[in-house]
Amino acid sequence: MGKGIVCVTGASGYIASWLVKFLLQRGYTVKASVRDPKDSKKVDHLLKLDGAKERLHLFAANLLEDGSFDAAVEGCEGVFHTASPFYHKVTDPQAELIDPALKGTLNVLGSCVKASSVKKVVVTSSIAAVAYNGKPRTSEVVVDETWFSDPDICKEAKMWYVLSKTLAEDAAWKFAKEKGLDIVTINPAMVIGPLLQPTLNTSAEAIANLLNGAQTYPNTSFGWVNVKDVANAHIQAYEIPSANGRYCLVERVAHFSEVVEILRKLYPSSHLPTKCADDKPFVPIYQVSKEKAKSLGIDYIPLEQSLKETVDSLKEKNFIGTSSNM
């Protein structure tokens, strides 16, 4: 028995590829949007998934093009909007990050309103849209779904990716309320784990850099979560009728020094950085509430296993030099 028709935007991306895989496994028919369906580097890994021959349909769509998602969304009961650029080195933040995130989200939601078939939309947001509000993040602080990042703080600190996710999520909630659209947002922290796509994504690259000869590790603390848990949470948020609002997804918050230590234990002969990028005290770790995510039935994969899966996948795809005797 088929599970119905759903759409995944930005389907060739890191989280989206796992989402497509799990949706196909569960029996859904998936209409997947990508910028260029003929770009084999972007779509071959999707076309090879179990069930893809029968139930995966590719559509061309561009985040900045009005109405370009209409065809992909038409006839779908559920839409998973994951398409949004994520990288740190930008020359024009407005064009490279903010417009695609913000206009793209409104563009996709606009298509959802046009299609009378759509019952629920799951939007991939980020902990970036949650945690940056000027409140101190120290060990006794618990970040939860009631927190919203402050765009002014993001602008001042030139955190353009954080700003793009904050503005996009804010716009999504306003639009959904205005149009009576049922949306849920998933707000994962730093996503790691195995790569299905052949290209290196930003969050996995943070791990690859540590093993590819970096002299230092950043003085930063991040929440970390496995890509499979994130993909599953999207589907659970869609399938569970009572799912609503936002869901922060963090298995645990760890400073980069701890990540390096875990990697050292897993790969004793590898060349990992031994010192921090600056002499300041380590940025403290904080807590992120797991209460709400529990209601989605997510049983988190531990950070140690996620790191091992990431590195093994990076090795297999030759993103890590084999010279480090791993």
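1. A disulfide is taken here as a pair of cysteine sulfur atoms within 2.5 Å. A search of the whole structure, a predicted model, returns zero disulfides. Cys-76 is in no disulfide, and the nearest cysteine sulfur, that of Cys-7, is 5.1 Å away. Cys-112 is likewise in no disulfide; the nearest cysteine sulfur to Cys-112 is that of Cys-7, 7.3 Å away.

2. Cys-76 is buried, at 0% relative accessible area, and Cys-112 counts as buried at 2%. Buried means under 20% relative accessible area, with over 50% called exposed and values in between partly exposed (1.4 Å probe, protein chains only).

3. The structure holds one cavity of 30 Å³ or more. A cavity is a set of points, on a 1 Å grid over the protein atoms alone, where a 1.4 Å probe fits but cannot get out; lining residues have an atom within 4 Å of a point. The largest cavity contains about 70 Å³ of space, the volume being that filled by probe spheres set on the points, which are joined across faces, edges and corners.

4. Residues lining the largest cavity include His-81, Thr-105, Val-123, Lys-165 and Glu-169. Strand S5 (120–124) and helix H7 (160–179) are the elements that give two or more residues to this lining, and H7 provides the largest share, three residues. Helices (H or I, at least four residues) and strands (E, at least two) are DSSP runs numbered from the N terminus.

5. Residues are numbered from 1 along each chain as its sequence is written. Local features need pLDDT of at least 70 and side-chain atom pairs pLDDT 80 or more, while totals for chains, interfaces and linings use all residues; side-chain values use heavy atoms, with hydrogens and water left out.

Technical notes: On a 1 Å grid over the protein atoms alone, a cavity is a set of points where a 1.4 Å probe fits but cannot get out, and a pocket is an open set with protein on both sides within 12 Å along at least five of seven lines; lining residues have an atom within 4 Å of a point.
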